[in-house]
Amino acid sequence: MLGKTLAALAFACMAGAAAHAADANPAVIYDLGGKFDRSFNQASYEGAERFKSETGIAYEEFELQNDAQREQALRRFAEKGYNPIIVTGFSYATAMSTVAPEFPETSFVIIDEQVDQPNVRSVKFGEQEGSYLVGLLAAMASKTGKVGFVGGMDIPLIQKFACGYVQGVKATNPDAEVFQNMTGTTGAAWNDPVRGGELAKSQMDRGADVVYHAAGGTGIGVLQAAADAGKLGIGVDSNQDYLHPGNVLTSMLKRVDLATYNAMMDVKDGKFTPGLQVLGLAQDGVGYSIDEFNEKLITPEMKDAAEAAKAKIISGEIAVHDYSTDGKCPVS
């Protein structure tokens with residue numbers, strides 16, 4: 001009898017240990033464009049690396065090669081017991097809606113889209129708020145009164161960046177002209193730096209001397225074209241100031257790294273909660289960068305103006321319209 005009791009206790013301990021291990025066994029599935037896109041995906045990678053460095057817990061990862069792999073990868077990782085499973089990008093919504101109900105004990109995270117399942121955390125950002133601030137800085141830095149925007153895939157999310165940017169530009173210089181182009185309508189639009197460079201050059205040929213991109217890997221070509229022309233680019237998602245020191249005015253920081261890190265730590269600490277999280281300026285989810293690579297480009301007057309606008313946005317004194325709410329932008 002004692003032997004059976006000890007065996008049962010041993011089994012229970014083993015099961016508890018396995019459950020604990022599963023709770024601290026995270027995975028990240030990146031979107032098209034690759035882990036080292038120096039932008040959106042890389043931000044998630046850096047959040048995972050921070051978690052690994054602080055906890056000593058390794059994570060698994062997968063770089064998507066085509067859309068057909070979304071559901072396959074999600075289900076495979078769930079079957080192997082990874083927890084949480086984090087996917088980067090709105091395009092995972094259908095796959096997440098299908099797979100998450102099949103694994104109710106697994107915690108899932110989707111970034112940039114909302115999936116209403118009891119075991120899914122959906123993380124969205126106030127991109128319009130951060131874009132407003134870099135639009136303000138672009139308008140103050142511009143000598144021609146003409147600035148540009150190059151988006152990746154033509155979807156409401158990227159229009160949200162563009163609209164926030166235009167609002168910041170126009171609030172600073174109502175007479176400014178803003179040129180806008182989207183790269184494409186498929187996932188390939190995130191990874192076409194040649195096309196990004198061409199679009200930026202066409203805007204600069206029309207007089208733009210500051211060009212902001214929200215285009216993932218495509219944006220690398222935008223920043224390169226601006227640097228080659230002796231103009232200013234604005235990075236996105238990750239801090240991209242270092243790519244062309246002196247030619248990247250600032251970067252609109254979107255803290256995908258924070259969303260990834262927080263999800264992993266919450267599961268590890270038994271504090272994971274599903275539902276929608278929105279990270280704006282007030283939550284330090286978006287912002288703009290100042291570092292050794294661009295500090296000479298941001299004058300004290302520019303920084304003061306950006307910080308004043310930031311405080312007013314957080315307080316509600318400045319309301320930045322969110323394009324995704326109605327598909328409209330109050331300025332153009």
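Helices (H or I, at least four residues) and strands (E, at least two) are taken here as DSSP runs, numbered from the N terminus. On that basis the protein, a predicted model, has 10 helices and 12 strands.

**Figure 1. Overall dimensions of the predicted model.** The C-alpha trace spans about 85 × 40 × 40 Å along its principal axes. The radius of gyration is 22 Å, close to the 20 Å that the globule rule gives for 332 residues, so the protein is as compact as a globular protein of that length. Of the 332 residues, 54% are buried. Among contacts with a separation of 6 or more, 68% join residues 24 or more positions apart.

**Figure 2. Packing of helix α5 (residues 127-141) on helix α6 (residues 156-172).** The two axes lie 6 Å apart, at an angle of about 40 degrees. Angles under 35 degrees would count as roughly parallel and those from 65 to 115 as roughly perpendicular; α5 and α6 are therefore oblique to each other. Their crossing is right-handed. On the α5 side, the contact is made by Glu 127, Gln 128, Ser 131, Tyr 132, Val 134, Gly 135, Leu 136, Ala 138, Ala 139 and Met 140. The α6 side contributes Leu 157, Lys 160, Phe 161, Gly 164, Tyr 165, Gln 167, Gly 168, Val 169, Ala 171 and Thr 172. By class, the residues of this contact comprise 11 nonpolar, seven polar and two charged.

**Figure 3. Packing of helix α7 (residues 193-205) on helix α8 (residues 219-228).** The axes of α7 and α8 come within 6 Å and cross at roughly 40 degrees. That angle makes α7 oblique to α8. The crossing in which α7 passes α8 is right-handed. From α7, the residues in contact are Pro 193, Gly 196, Gly 197, Ala 200 and Met 204; they meet Gly 221, Val 222, Ala 225 and Ala 226 of α8. This contact divides into six nonpolar and three polar residues, with no charged residue.

Figure 4. Leaving aside residues up to four places away in sequence, Leu 232 touches Ala 141, Asp 209, Val 210, Val 211, Ala 226, Gly 246, Asn 247, Leu 249 and Leu 297. Lys 271 is 39 residues from Leu 232 in sequence, and the C-alpha atoms of the pair are 43 Å apart. With a relative accessible area of 56%, Gly 230 is exposed. Gly 230 and Ala 43 are separated by 187 residues in sequence and by 27 Å between C-alpha atoms.

**Figure 5. Backbone geometry at Pro 84, Arg 38 and Asp 237.** The peptide bond from Asn 83 to Pro 84 is cis, with omega near 0 degrees. Pro 84 is placed in the loop between α3 (69-79) and β3 (85-88). Arg 38 is not a glycine, yet has a positive phi of about 60 degrees. The loop between β1 (27-30) and α2 (40-55) holds Arg 38, and at 38% relative accessibility Arg 38 counts as partly exposed. Asp 237, also a residue other than glycine, has a positive phi near 65 degrees. Asp 237 is found in strand β9 and is buried, with a relative accessible area of 8%.

Methods
Residues are numbered from 1 along each chain as its sequence is written. This is a predicted model: local features need pLDDT of at least 70, side-chain atom pairs count only at pLDDT 80 or more; totals for chains, interfaces and linings use all residues. Side-chain values use heavy atoms; hydrogens and water are left out. Axes are lines fitted to C-alpha atoms, for helices over the stretch in contact, and angles run from 0 to 180 degrees between N-to-C directions. Angles under 35 degrees count as roughly parallel, over 145 as roughly antiparallel, 65 to 115 as roughly perpendicular and the rest as oblique. A crossing is left-handed if the near helix is turned anticlockwise from the far one by less than a right angle, and right-handed if clockwise. Contact means heavy atoms within 4.5 Å. Ala, Val, Leu, Ile, Met, Phe, Trp, Tyr, Cys and Pro count as nonpolar, Asp, Glu, Lys and Arg as charged, and the others, Gly among them, as polar. The radius of gyration is taken over C-alpha atoms; the globule rule is 2.2 Å times the number of residues to the power 0.38. Buried means under 20% relative accessible area, exposed over 50%, partly exposed in between (1.4 Å probe, protein chains only).
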